[in-house]
Amino acid sequence: MEPPRYTILSPDGTQVNRDVLIDEAARADVVLVGETHDNPSAHHLEYALFKGILAKRTEEKSPPGVTLSFEMLARDLQGITDEYLSGLITEMHFMAPSRPCGNYLQAYRPTLNLAKEQGAPVIPANAPRRYVNLVARKGKAALEKLSPEAKNWIAPLPYEGASPTYLAKLKALEERFTKKGSKKSLTHSPHGHNKETPVPPGIDSDAQALWDATMAWSIAEALGQHPENLVMHISGIFHCQGGLGIPEHLDRYAPSAAVIIITIRPSGHDDAPPAFRSALPIPEYRVLTE
């Protein structure tokens, strides 16, 4: 398969090559990669980024210097993931309980298995969907009724809600949905899907914040567990673009971490810098795929 073509824009808008992007990423503590989940070019680049950062970080020491973190796997799967990485269980028995997304084999399996081959830790970072749904149905206070074990699978309570700028972004997305008048006509969701997953009316901001806060908490925990490692986290673009979402929560959980953002989307899809931005001084590289 011919490698995809893409344009990489630095934070100041100048075009750079992939080697420059890998060099910059390898110097960070956290690399937040935002994608549209059905973009094969994004998945190809993510694999190349992870492989390149691994090579850069292991030049001076033998243990892999990168921890791979996924939105696509929930925190309650950490034990199963570790069993698979260590070779205790087969891939079939890893996939059966881990509820992989429909394009897992093509999109994320190569990168996860590269981590397995290289001995790099993998972090299932997201909140289980059942708890996000609980917040959407009954409010964030309902999380207090969870067992101590269940609370381990989400961000510490109480977690911060969405920031005013993030709320404005969610409202703009809802308004766009309303103007389109059809679920099928909306081209992306808060979780980074493109075309496949429509956005329901009335996005619950507390439920959205639970996803973001939990992923940020997982990244912060990974930094503590493997302090010598950079964390590369892959999520939907909405969770990190413009320094909103995950970066805002991460600034509370790991304020000293050096973070960069890499957002990847098809050319022509909101090519301009995002209209909604946080005040955090986090450099963001934009990749436009063909």
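I began with Thr81, which I found in helix H3 (residues 78–85). Helices here are DSSP runs of H or I with at least four residues, strands are runs of E with at least two, and both are numbered from the N terminus. A note on what I am looking at: this is a predicted model, where local features need pLDDT of at least 70, side-chain atom pairs count only at pLDDT 80 or more, and totals for chains, interfaces and linings use all residues. Residues are numbered from 1 along each chain as its sequence is written, and side-chain values use heavy atoms, with hydrogens and water left out.

Is Thr81 buried or exposed? Thr81 counts as buried because its relative accessibility is 0%. (Buried means under 20% relative accessible area, exposed over 50%, partly exposed in between, with a 1.4 Å probe and protein chains only.) Not counting residues up to four places away in sequence, I see Thr81 touching Leu73, Phe94, Val122 and Pro124; contact means heavy atoms within 4.5 Å.

Next I looked up the sheet. I found an open sheet of eight strands with mixed pairing, in the order S2-S1-S8-S7-S3-S6-S4-S5. Strands S2 (15–16) and S5 (122–126) are at the edges with a single partner strand each, so one side of each has no neighbour in the sheet. Two strands pair if DSSP finds at least two bridges between them. S1 (residues 6–9) and S8 (residues 284–289) pair in the antiparallel sense over four bridges, and I noted Leu288 in S8 as the bridge partner of Thr7.

Which strands does H2 lie across? I listed S1, S3 (30–35), S4 (66–74), S6 (230–236), S7 (259–266) and S8, with H2 running at about 175 degrees to S6. (Axes are lines fitted to C-alpha atoms, for helices over the stretch in contact, and angles run from 0 to 180 degrees between N-to-C directions.) The buried residues of H2 include His43, Glu46, Phe50 and Arg57.

Last came the cores. A nonpolar core is a set of buried Ala, Val, Leu, Ile, Met, Phe, Trp, Tyr and Cys residues joined through side-chain atoms within 4.5 Å. The largest has 41 residues, and Phe50, Phe70, Leu112, Met232 and Ile262 have the most contacts inside it. H2 gives the most to this core, with six residues. I also found a second, separate core of 36 residues, with Tyr131, Ala209, Met215 and Ala257 among them.
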